[in-house]
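Dear colleague,

I am handing over the structure below, together with an account of what was found in it. Please read the notes beside the model itself.

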Amino acid sequence: MPLSRAEAQDALRDITRTERTSANFYGYRHASPHLFVWGIIWAIGYGLNYARPQWGAAWPVLALAGIVASFWIGAKSKPAAARGDWRYAATALAIFAFIGALFSVMPPRNWAQVSAFFPILVALFYSLIGIWTRGLRMVLAGVVVAALTLIGFFGLPQYFLLWMAVVGGGALILGGFWLRSV
């Protein structure tokens with residue numbers, strides 16, 4: 001018995017929806033370990049800065065460790081053909097150049113501003129990834145990270161670093177579990 005035109009269209013629509021859902025779930029599982037890594041780094045970095053402000057130099061070491069771990073996770077989960085894609089390195093370079101230019105034009109007045117800037121930038125990236133991949137969970141992760149950062153920055157300025165260690169790092173780790181759960 002042949003399919004009617006309407007039945008064929010419905011079947012194609014269902015296939016497209018299933019493909020999109022599968023791609024989102026794959027993306028979530030791929031992003032999950034990155035959230036774990038950065039959640040742990042945030043907890044350590046902000047916790048150190050709260051307990052020992054003079055250890056601010058730990059951040060470059062932690063950031064480098066996180067970047068290396070993120071590249072390793074990404075390389076491990078991508079097919080061999082995608083591993084040598086120069087666009088990843090070019091994107092990272094463009095982001096670092098943007099941040100350097102932004103800070104040279106509008107230098108932060110204190111370390112709290114710098115400590116709030118990077119989580120808000122990360123939140124933007126999560127949200128953009130979610131928008132472009134139709135991944136609502138990534139958008140929500142970005143919104144939550146930005147909101148928690150702003151709540152801590154404006155509402156608890158004396159505890160902002162501790163807030164970011166516990167709540168910011170914790171939100172990323174929980175987000176990693178949430179993304180992995182699909």
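**Notes on the predicted model**

Ser70 is buried, with a relative accessible area of 15%, where buried stands for under 20% relative accessible area, exposed for over 50% and partly exposed for anything in between (1.4 Å probe, protein chains only). This is a predicted model, in which local features need pLDDT of at least 70 and side-chain atom pairs count only at pLDDT 80 or more, while totals for chains, interfaces and linings use all residues. Residues are numbered from 1 along each chain as its sequence is written, and side-chain values use heavy atoms, with hydrogens and water left out.

**The chain as a whole**

The chain contains seven helices and zero strands, with helices (H or I, at least four residues) and strands (E, at least two) taken as DSSP runs and numbered from the N terminus. Read from the N terminus on, the order of its elements is therefore α-α-α-α-α-α-α. Of its 182 residues, 27% count as buried. The accessible surface of the chain comes to about 11,700 Å², and 73% of that belongs to carbon and sulfur atoms; such areas come from the Shrake-Rupley method with a 1.4 Å probe, and for residues only the protein chains shown count as cover. Among contacts (heavy atoms within 4.5 Å) between residues at least 6 apart in sequence, 66% join residues at least 24 apart.

**Helix H2**

Ser70, with which these notes began, lies in helix H2, and it touches His34 and Trp38 when residues up to four places away in sequence are not counted. Helix H2 covers residues 58-77, and at 1.5 Å a residue its 20 residues should span 28 Å, which agrees with the 28 Å between its end C-alpha atoms; the expected span is 1.5 Å times one less than the number of residues. The buried residues in H2 are Trp59, Leu62, Gly66, Ser70, Ile73 and Gly74. They lie on the same side of H2, because they cover an arc of only 100° around the axis, the arc being that of the directions from the helix axis to the C-beta atoms. The face of H2 turned away from this buried side carries the exposed residues Pro60, Val61, Leu64, Val68, Trp72 and Lys76.

Leu124 and Phe125 belong, with Leu128, Ile129, Ile131 and Trp132, to a nonpolar patch on the surface that has about 630 Å² of accessible area together. Patches are made of residues with over 30% relative accessible area and no salt bridge, like charges being joined within 9 Å and nonpolar side chains (Val, Leu, Ile, Met, Phe, Trp, Tyr) within 5 Å; a salt bridge is a side-chain nitrogen of Lys or Arg within 4 Å of a carboxyl oxygen of Asp or Glu.

Phe125 and Met138 are 13 residues apart in sequence and 9.2 Å apart in space, C-alpha to C-alpha, and Met138 is one of the buried residues in H6, the others being Ala141, Gly142, Val145, Ala146, Leu148, Thr149 and Gly152. These residues sit on the same side of H6, since they cover an arc of only 165° around the axis, whereas on the other side of H6 Leu136, Phe154 and Gly155 are exposed. The 20 residues of H6 should span 28 Å at 1.5 Å a residue, and the distance of 27 Å between its end C-alpha atoms agrees with this.

Thr149, in helix H6 (residues 136-155), is buried with a relative accessible area of 0%. Leaving aside residues up to four places away in sequence, Thr149 touches Ala116, Pro119, Ile120, Phe160 and Met164.

Gln158 lies in the loop between H6 and helix H7 (160-180) and counts as exposed, at 52% relative accessibility. The C-alpha atoms of Gln158 and Tyr50 are separated by 9.6 Å, while the two residues are 108 apart along the chain.

With kind regards
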